[in-house]
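Let's take a walk through this model, from the overall fold down to a few individual side chains. Have the viewer open as you read.

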Amino acid sequence: MEIHRHPALTRMWSPVGQQPEVPAPGKNEKKVVYGGVDYRTGQLTYRLADTKCGGSFLVFLMALLLAYAGRKIRLVCDNGRFHTTKAVQAFLEKHRKQIEVYWLPPYCPSLNLIERLWGHLKRTVLANVLYATLSELVAAFRKGAHRLTGDRERMGFMFDHEDLVQKSPRQHYRIAA
């Protein structure tokens, strides 16, 4: 996900007849967020970078290996270019006993549950606000992420959706639990 100083705009309330205004920075600045959520606990692991590239994604993968040392990681990835560089593929092959990747079809963000987290943070923390500096934007993102991480109850927007529930005549199955 990318976070931008140029504010994302969402609906907001204002008195009748008064158009709300959200200032813009003029020159946009951004950071890239690489992240993963433990579907069992809601624990978020993420890294910030300046660009989308294989090297930055490798830093994130190494952070996952450290965070989940000794445990098998099942990672859902879209087919972003930075996921499929030669260096990333070599790393994944070398660590295939620790990291198993499930590749999503191209252009299917609705299949990746972390996209719901990114959208939530953009709507609730980053929207309609012009942060004075990139550092302030990053701090706001970190604060919003910290409030949610590890608290699966507060992350219901990620896990409690009808499209994640298969209904049968006798019981419901939660796919992401």
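A contact here means heavy atoms within 4.5 Å. With that in hand, take Asn112, which touches Tyr39, Val76 and Leu104, leaving aside residues up to four places away in sequence. You'll find Asn112 in the loop between strand 5 and helix 3 (114-126). Helices (H or I, at least four residues) and strands (E, at least two) are DSSP runs, numbered from the N terminus. Asn112 counts as buried because its relative accessibility is 8%, where buried means under 20% relative accessible area, exposed over 50%, and partly exposed in between (1.4 Å probe, protein chains only).

A word on ground rules: this is a predicted model, so local features need pLDDT of at least 70 and side-chain atom pairs count only at pLDDT 80 or more, while totals for chains, interfaces and linings use all residues. Residues are numbered from 1 along each chain as its sequence is written, and side-chain values use heavy atoms, with hydrogens and water left out.

**The whole chain**

The protein chain has 5 helices and 7 strands, running in the order β-β-β-α-β-α-β-α-α-α-β-β along the sequence. Its C-alpha atoms fill a box of roughly 60 × 50 × 30 Å along the principal axes. Of the 177 residues, 39% are buried. Among contacts with a separation of 6 or more, 61% are between residues 24 or more positions apart. The accessible surface (Shrake-Rupley method, 1.4 Å probe; for residues, only the protein chains shown count as cover) is about 11,500 Å², and 53% of that belongs to carbon and sulfur atoms.

**Salt bridges**

Now for the charged side chains. A salt bridge is a side-chain nitrogen of Lys or Arg within 4 Å of a carboxyl oxygen of Asp or Glu, and the whole structure has 7 of them.

| Pair | N to O distance |
|---|---|
| Lys30 and Glu2 | 3.1 Å |
| Glu29 and Arg5 | 3.1 Å |
| Arg74 and Glu100 | 3.7 Å |

Start with Lys30 and Glu2, whose side chains meet in a salt bridge. This pair links distant parts of the chain, with Lys30 in strand 2 and Glu2 in strand 1 (residues 2-4), 28 residues apart. Lys30 is partly exposed at 35% relative accessibility. Glu2, Lys30 and Lys52 are also linked in a network of salt bridges.

Next come Glu29 and Arg5, joined by a salt bridge too. Both lie in the loop between strand 1 and strand 2, so the pair ties together parts that are 24 residues apart in sequence. Is Arg5 buried or exposed? Arg5 is buried, with a relative accessible area of 10%, whereas Glu29 is partly exposed at 31%.

Finally, Arg74 bridges to Glu100. Arg74 sits in strand 4 and Glu100 in strand 5, 26 residues apart. Arg74 is exposed, with a relative accessible area of 55%, while Glu100 is partly exposed at 29%.
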